[in-house]
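Good morning, everyone, and thank you for making the time.

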Amino acid sequence: MDMEAMYQEVILDHYRDPHGRGLREPHQAEVLHVNPTCGDEITLRVNLGDGADPVIEDVSYWSQGCSISQASASILFDEVSGKTVSEAFGTLDTFVELMHSKGQGAADEDVLGDLVAFEGVSKFPARVKCALLSWMALKDAISQARPDLGVPIDGAPPAGSSDTQQSTQPTTMEGIPR
Amino acid sequence: MTSFDVAAVQRDFPILRRSVRDGKRLVYLDSGATSQTPTQVLDAERAFVETSNAAVHRGAHQLAEEATEAYETARGTIADFVGAQANDLVFTRNATEGINLVAYAFLNATLKAANAAVLPPGGERFILSPGDEVVITEMEHHANLVPWQELAAKTGVKLKWFGLTDAGRLDLSNINELITERTKIVSFVHQSNILGTINPVSDLVQRAKQVGALTLLDACQSVPHMPVDVQSLGVDLLTWSGHKMLGPTGIGCLWGRSEVLAAMPPFISGGSMIATVTMAESTFAAPPQRFEAGVPMLSQAVGLAAAADYLSDLGMAAVAEHEADLTAQTLAGLAQIPGVRVIGPTDMSDRGGAVSFVVDGIHPHDVGQILDSHGVAVRVGHHCAWPTCRRYGVPATTRASFSVYNDESDVAALMEGIRSAQRFFGTSPALAQSGSSR
């Protein structure tokens, strides 16, 4: 088993030196998402501009977890900061598709940027949730900041905040299996 | 060394002959989650299904007779394995269900009493009143925590717990304040699935008896690994699962003292658990049938009995000694690797074979991934004991756990795998700070 294929250098670089880490003001929504199988967690804030397709002016986070979830959060910061919500969701959808490809997906670097490094991770079902943790938190935070955008709650269900005391604004619990 | 012939044991487990991850030898160190199954258990299940399969306790035909005989013989064998009488042993789906069965006995007795419904003789000791208490510990598996939280949410009973010492032991310094006249039950783990700690059962039982509280022991990590005798332990109730003791999934056991089981109202109701039924109401069978509604697990019971026989043939004292050797080797090996810290007791007194550890600068998920690439199967995460992780300030751990088929080469493979992970991630003190640990 080739671990270098999974832990590509770009993933390890983001893990060792995460981008955009730390919780910042101002923010319109804050969510806490947890991977209940391993205890990885992320608190994520968004600050959005105005309009029908607002710009993500800032996304800030505090997280703890494995190299995969940490690197994914760091790359999320790089990929969505300054983008519009629809652009960010385009990246997210492509990334979700890649992560569910069981190693068969062809990653599009134009859309995914550094996220293409996660192609090898998709071969390991237990790690897919690690890779998607921050992205599901982003989706949730945007839907809370701008309920009028009608963001659907779907995809890999995030864990709620019920098992921790760190949430300042409880994560939406609808549709989360017990 | 003991006369324990681990090579002969290994030959009984077909799964050990497969390879994983591109031809690596399977080094299975996750028996604390579920154990592997010997041929003898598979043969027993297959023989039952091929020759005697029928619904038990009903039917007038020969197969039904044989199936009932096999099922009840299995109950006797398994009861004998823990020094119990057959009629005091209830088959459940797993230990989680065993604990829920007891928690629901409290809920159901309380609800029925409020509705002036009939309780079994002695059932009043399961009725909860305002101010009553349930006592657990901070090292419980979620299976022995969440059901009591649920009971508290429904009834208002107060949930209290023993804290833990830095050395991974129960802090008994406030035992008299925790277990009081208001305590209805003390429910605690025999061997912690995350720390490996073996708890001082007699201390807790003694105090519980003083105040008239019941005791329930979660024996999931002890029955498969050491001699367990329900009489000498002195507890009132004891539960464990079959799949951690070389048996099938889908079956567990709840043992209780006759008078305690007899006092408990049923949990799941329906067929097979009744005495009489009219359109308006029903009366219930005596234990253990009262707690076995519906057609029960048949081949699983037969398989679990075969697992008990298998372990009895090895001798549980020899099993315990074999696993203690491996545990001691593991603790010694981990102590030799810089940057590795054991979460739980590091001495062998009152310590079982679940060994949790953290590696500086490498998250347990990543440790587990590298170990997996070497064929070494471990558990990573919070081990369904999230509060215990929090107590020790770690989000998760890597856990190695042993069974009868493990040997010294497995311990060596674990150590090499950890060193390999450290090489792969290039961990250094600087990296440890920028890594995932808080």
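This is a predicted model: local features need pLDDT of at least 70, side-chain atom pairs count only at pLDDT 80 or more; totals for chains, interfaces and linings use all residues.

In chain A, the side chains of A:Arg24 and A:Asp58 meet in one of them, at 3.0 Å from N to O. This pair links distant parts of the chain, since A:Arg24 sits in the loop between helix H2 (9-16) and strand E1 (29-35), while A:Asp58 belongs to strand E3 (residues 56-64), 34 residues apart. A:Arg24 counts as partly exposed because its relative accessibility is 26%, whereas A:Asp58, with a relative accessible area of 16%, is buried.

Turning to chain B, we find B:Asp166 in a salt bridge with B:Arg391, with 2.8 Å between the closest N and O atoms. Here, too, distant parts of the chain are linked: B:Asp166 lies in the loop between strand E6 (158-162) and helix H6 (175-178), and B:Arg391 in helix H13 (residues 386-391), 225 residues apart. B:Asp166 has a relative accessible area of 68% and is therefore exposed, while B:Arg391, at 23%, is partly exposed.

Another bridge in chain B joins B:Asp236 and B:Arg257, whose closest N and O atoms are 3.3 Å apart. B:Asp236 is in the loop between helix H8 (230-233) and strand E9 (237-241), and B:Arg257 is in the loop between strand E10 (252-256) and helix H9 (258-263), so the pair ties together parts that are 21 residues apart in sequence. B:Asp236 is buried, with a relative accessible area of 9%, and B:Arg257 also counts as buried, at 17% relative accessibility.

Now to the aromatic side chains, where the structure holds 12 aromatic pairs over all chains. One of these is the tilted pair of A:Phe95 and A:Trp135, with 5.6 Å from centre to centre and 55° between the planes. A:Phe95 comes from helix H4 (residues 85-99) and A:Trp135 from helix H6 (residues 125-145) of chain A, 40 residues apart, and both residues are buried. In chain B, one aromatic cluster is formed by B:Phe13, B:Tyr28, B:Tyr310 and B:Tyr405.

Finally, which residues form a negative surface patch? They are A:Asp78, A:Asp108, A:Glu109, A:Asp110 and A:Asp114. Among them, A:Glu109 is found in helix H5 (residues 109-112) of chain A, and A:Glu109 counts as exposed because its relative accessibility is 54%.

Terms used:
Residues are numbered from 1 along each chain as its sequence is written. Chains are lettered from A and ligands numbered from 1 in the order in which they are written. Side-chain values use heavy atoms; hydrogens and water are left out. Patches are made of residues with over 30% relative accessible area and no salt bridge: like charges are joined within 9 Å, nonpolar side chains (Val, Leu, Ile, Met, Phe, Trp, Tyr) within 5 Å. Accessible areas come from the Shrake-Rupley method with a 1.4 Å probe; for residues, only the protein chains shown count as cover. A salt bridge is a side-chain nitrogen of Lys or Arg within 4 Å of a carboxyl oxygen of Asp or Glu. Lys and Arg count as positive and Asp and Glu as negative; His and the chain ends are not counted. The place of a charge is taken as NZ of Lys, CZ of Arg, CG of Asp or CD of Glu. Helices (H or I, at least four residues) and strands (E, at least two) are DSSP runs, numbered from the N terminus. Buried means under 20% relative accessible area, exposed over 50%, partly exposed in between (1.4 Å probe, protein chains only). Rings of Phe, Tyr and Trp (its six-membered ring) pair if their centres lie within 6.5 Å; planes under 30 degrees apart count as stacked, over 60 as edge-to-face and the rest as tilted.
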